[in-house]
Amino acid sequence: MIVHPIPPLFDENSKTLILGSFPSVKSRESAFFYGHKQNRFWQVVANIFGEKIPQTIEEKKQLILANNLALWDVIGKCEIEGSADSTIKNVTANDLTIILNNAPIERIFVNGKTALKYYDKYIKPLINRSAILLPSTSPANAVYSIDNLIKEWKIIKN
């Protein structure tokens, strides 16, 4: 069983929550979201908000918070082989109330179908709020080019 090692990123101005499934091996090693250099999350978000692609964890935090976003994952604890979402089992969801009780979250998005699957199963019944599916920024989602991801993800901009 692997426990999620990264705390949620949000502040009192966060209006849009983006949830992934569970951190990859690289993200767990760097102790921050979307740590694999081939994951296109940071490139997509920076492009949408007209900012340079952040390189450091501090720059990534600033990009998220400066644009009234919040970031975390659906899964708080699970069994997983490497970084493959398809191997996830024995899931315990994160408790989103830490964010929802402390930030004016208006919309919740999920980064990919695995995040939506576990959100709908474990979180939606507790908080009675739907999440909007966005195509995964993972390099495993080769169907989507960077341009198509940016086009689909523009909805996160308030």
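**Helix packing, strand pairing and pockets in the predicted model**

Strand S3 (69–73) is mostly covered in this predicted model, with 5 of its 5 residues buried. The side chains of Leu-69, Leu-71 and Asp-73 point one way from S3, whereas those of Ala-70 and Trp-72 point the other way, and all are buried. In a regular strand the side chains alternate between the two faces of the sheet. S3 pairs with S2 in the parallel sense, over 5 bridges. Within this pairing, Ile-18 stands opposite Leu-71 of S3.

A further group of strands forms an open sheet. This sheet comprises 3 strands in the order S1-S4-S5, with antiparallel pairing. Strand S1 (2–3) and strand S5 (89–93) stand at the edges with a single partner strand each, so one side of each is left without a neighbour in the sheet. Between S1 and strand S4 (residues 75–79), which run antiparallel, there are 2 bridges. The bridge partner of Ile-2 in S4 is Cys-78.

Ile-2 is also among the residues touched by Arg-28, which is placed in helix H1 (residues 25–30). Arg-28 has a relative accessible area of 19%. Since the cut-off for a buried residue is under 20%, Arg-28 counts as buried. Beyond residues up to four places away in sequence, Arg-28 touches Ile-2, Pro-5, Phe-22, Pro-23, Ile-80 and Gly-82.

The buried residues of H2 are Phe-41, Trp-42, Val-44, Val-45, Ala-46 and Ile-48. These buried residues pack against S2, H3, S3, S6 and H6. Val-44, which lies in helix H2, is buried with a relative accessible area of 0%. Its contacts, not counting residues up to four places away in sequence, are Thr-137, Ile-146, Leu-149, Ile-150 and Trp-153. Val-44 and Thr-137 are 93 residues apart in sequence, yet their C-alpha atoms are 8.1 Å apart in space. Just after H2, Gly-50 adopts a positive phi of about 65 degrees.

In helix H3 (residues 57–66), the buried residues include Lys-60, Leu-63 and Ile-64. These residues cover an arc of only 95 degrees around the axis, which puts them on the same side of H3. The elements covering the buried residues of H3 include helix H2 (41–48) and strand S3 (69–73). H3 is followed by Asn-68, which has a positive phi, near 60 degrees.

A corresponding analysis was made for helix H6 (residues 146–153), where Leu-149, Ile-150 and Trp-153 are buried. Their arc around the axis is only 100 degrees, and they are therefore placed on the same side of H6. Exposed residues Asp-147 and Lys-151 are carried by the face of H6 turned away from its buried side. Cover for the buried residues of H6 comes from elements including strand S2 (16–20), H2, strand S6 (107–111) and strand S7 (132–134). At the residue level, Leu-149, Ile-150 and Trp-153 are among the residues touched by Val-44.

Rolling a probe the size of a water molecule over the atoms shows where empty space is left. The largest pocket has a volume of about 690 Å³. It is lined by 30 residues, of which Ser-21, Asp-85, Asn-111, Ser-136 and Ser-138 are the closest to its centre. Helix H5 (113–127) and S7 each contribute at least two residues to the lining of the largest pocket. Classified by residue type, this lining contains 11 nonpolar, 15 polar and 4 charged residues.

The second largest pocket has a volume of about 150 Å³. Its lining consists of 13 residues, with His-36, Lys-37, Asn-39, Trp-42 and Ile-53 lying nearest its centre. Of these lining residues, 4 are nonpolar, 6 polar and 3 charged. Trp-42 in this lining is also one of the buried residues of H2.

Key:
Residues numbered from 1 in each chain as written. Predicted model: local features only at pLDDT ≥ 70, side-chain atom pairs only at ≥ 80, totals over all residues. Heavy atoms only, no water. Buried < 20%, exposed > 50% of the residue type's maximum accessible area, 1.4 Å probe, protein only. Helix = DSSP H or I, 4+ residues; strand = E, 2+ residues; numbered from the N terminus. Arc of directions from axis to C-beta. Contact = heavy atoms within 4.5 Å. 1 Å grid on protein atoms, 1.4 Å probe; cavity = no way out; pocket = protein on both sides within 12 Å on 5 of 7 lines; lining within 4 Å. Points joined across faces, edges and corners; volume = space filled by probe spheres on them. Nonpolar A, V, L, I, M, F, W, Y, C, P; charged D, E, K, R; others polar. Pairing = 2+ DSSP bridges.
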